Structure formats: C-alpha cells, structure tokens
Amino acid sequence: MNARARTRSFGAFGSRWTFASAKLLLLAALVCAPVLANADSVTAKTYNRLTEAQDLMASNDVEGAVAKLKALLDDVKADTLDQALTLQMLGYAEMSAERFDQAITHLKRSLALNKLPEKVKYNVGYMVAQLHAAQNDFDEALAFAAEWFETLEDPSPPQMMFMANIYAQTQRYEEAAPYAERALAEAEKPRETWYQLLTAAYFELGRYQQAAVTLQRLLRLWPDKSGYWEQLASVYLVLEDEGRALATLRIAWLNGALEKNSSIRSMVQLAVARGVPEHAARMVEAAFAENLLAPDADILDLLANAWVAAREYDNAIAAFTRMASLEANGAPLVRAANLHIEAGRWASAEQTLRDALDLGLEKPGNAWLLLAIACAEQEKFGEGFAALRKARAFEDSKRAAGRWQSYIADMRKQHEWQQSYGG
C-alpha cells in the first residue's frame, strides 16, 4: 500500500453531509446574530424565508429549498447579513444534494462578505475545508484549513486530527505528526483511527521506535486486533530485533489474536532463524490442529524443514510424506528418502523412493541412483544394477551412476567372497 492510500484508510473523510449539521450551524448564526454588538441584524422577512427553506429541507424537499433560497438571494440586499446567511444556507442545501462544487462556491461567498458572527464563520470555514477534503482536493483543503485553524484559541482534539489528516493526505508527515501527537495527548478517549494515522506518519518518516510505541498503545487498547501485532512484529524486524519480533508474534499466538497465514509463517521462520526450530515446528502443528493454517505445500515444506533443522527426522519425513500426497508429486518423498538414508534405514529409503517414482518426478534420475544405493546396501545387487541402468538414462545422473557402477560392483564381489569364504 502506498503512503497516500495507507493514511487515507486511517482517516477517511466522509463525502456525505446531513441536513442536521447544516441546520445546527444555521441556527447558531440566527441565534447569535441579534446579540452581537455593532453587528448587522437579519431582517424579519429574510428570517422567515430562511425558516421556510429550512422546513423544506427538513421534509426532504431539497430542490424546493434550493429554488426558494436562490429566489431569496435575488431579493436580499448586497453586502448584508441577510445575503451572508442566505448564501450559507444555500451552500448547505447544495451540500445535502451532494453538489459539492456549488456548495463550496456559496459558502466561500458567504465568508467573503465578512458578515457572519465569528463563531459561525469559523465553523463554516471548517466545513469548506472538509468539503474540499471530501473531494480529495487536499491541497485546497489545507490552504483553507490552515487559515481556519489559526483562528482557534483552544482547538479540540478532533480539530487537531483534522489538520493531521490534511497534512498526511498531502504527504507532509513531518507536519501531520505533531497535530496527531497533541490530539492523542489531550483527548479523554482517543479514537483508534487517530493512533493509526500517527503510526502511518511515523512509518513514512522512518521513526520506527516511535511507531513501535504507538503500536504498543494500540495493542493495550485493542489487544484482539491481529493487524497491530503483525505491524509491531514488522517494526521490530525493520529494527533488526528478531527476538522481539518473535516474542510479539508468540504473545499474539498465545492470546489467539494471530490469524493470518502469513503472520504464522513469519513467526515460524523467525523461530527457525533464532535457533529454535522445534518450537517453530510445534507451532505449525498447533496451527493445523486449531484450523488456523491450511496444510498447503508451502507450509508443509516449512514444517518439514523446521523438523529437519531440529533433527527430528521422523517428524520431517511425515511432513514430506503429507506434502507429496497433497501435491501428488514424488519430489518430497525423495527428500524423505534422503533422511532415511542419513539414518541408515535402507529398507525404508528403498520403499520411499519406489513410492516417489510411482507418483512421478520431473527429474527421476537422482531417485533411481538413490534407489540403486539403497538396494546395494541391502545386498540386493540385481535390483541395484537395474536401478543404475535407469539412472544412466538421464543426463543429470548419468555421470554419478557410472561412478556408483564400479562401487556397487565391488560391494557385490566383496559380498560374494564373504559368502564363499567368510566364517
């Protein structure tokens, strides 16, 4: 996920606005205007017609409200509070109809008149910035929001997070982070998405230690979210602290919060890298038992290799056998046969190799060669030489089969001499 997509998912801006929000701001303007010293007053005629338009919007007749407000706009005097309030409500009506370009135009005209009460003006400015953000016009939103934010004496955490969002969306993470940090510090109940945005900003800035701290705070509040465990483990990997990465995934596993196949695979690979392959393999077996992992070829290969690293050959052979059955391919059985050979279990190696050849191999020459050796070690020389002839038919095993031809011939001679003259 690229930077912009990631931060957008952390602090998405809604593109739909309800009449309730517009109504509250309009009522605030109408209520506040008469009591402001030295301010223009809205006329009774305009007030009544605005109320009528408001009632039309309340009854979901937005188009009727727009028509009434446009007519009113032609009647009110220019450069008055009446005009400012009419433009403001027309902007909200267009917003309700999701005509955001028109809404922005009307609201900006309302603000430009400089007639709205201060508190209402700031709220309208905030709305314009949000509308630009809803249209993914983040540069314009930032230009407007920065000016609006400067007017706030004591900005609230949500207002600070709005600024953090805008800066993040314009990839100005250095400026986004302080707003998010301050919002999280001052909020009584910070939202999950606020932590997410700050974490994303830290990632983009390469501040991985700070990202780890933020993720730890997320996990204290939302310990059942597997994604945060995975992200924290990935941060530790970036910091080259595999021990903490493994410990993080292990805690998530024990808490039942680790769900993704990729995360469990990462945990197993880390365990192998940290020198505890048996631990890794047992985690995979437990994941199978709890249906957290599907036993596909890749994970079975990982499991078998973990058992091999732990020198638990019987378990490794079982994993290779299961893998061969799943794939209907003899290659994993050849690997299992090698383990039998390493343990000196020649009869088991022979049977496993015959099973591998029966299943089919892309390059069967090496299997025929190993079969010849397994047969010879059991003093089944006729079958050994027959397997060698098969091996010599393949280019990749032809030379090795030639060398083993002499060795097995010597083994047969020695066996025959022992049979004739041995005690």
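Buried means under 20% relative accessible area, exposed means over 50%, and partly exposed lies in between (1.4 Å probe, protein chains only). Arg 354 is partly exposed at 27% relative accessibility. The model is predicted: local features need pLDDT of at least 70, side-chain atom pairs count only at pLDDT 80 or more, and totals for chains, interfaces and linings use all residues. Residues are numbered from 1 along each chain as its sequence is written, and side-chain values use heavy atoms, leaving out hydrogens and water.

**Salt bridges**

- The structure holds 15 salt bridges (a side-chain nitrogen of Lys or Arg within 4 Å of a carboxyl oxygen of Asp or Glu).
- Glu 350 forms one with Arg 354, with the closest N and O atoms 3.1 Å apart.
- Both residues sit in helix α20 (residues 346-359), four residues apart, about one helical turn.
- Glu 350 is buried, at 8% relative accessibility.
- Arg 354 also meets Glu 383 in a salt bridge (2.9 Å, N to O).
- Glu 383 lies in helix α22 (residues 381-391), so this pair ties together parts 29 residues apart in sequence.
- Glu 350, Arg 354, Lys 380 and Glu 383 are linked in a salt-bridge network.

**Helix α7**

- Helices here are DSSP runs (H or I, at least four residues), numbered from the N terminus.
- Helix α7 (residues 118-134) has 17 residues.
- Of these 17 residues, 13 are buried.
- Asn 136 follows α7 and has a positive phi, near 60°.

Conventions: Helix = DSSP H or I, 4+ residues; strand = E, 2+ residues; numbered from the N terminus. Expected span 1.5 Å × (residues − 1).
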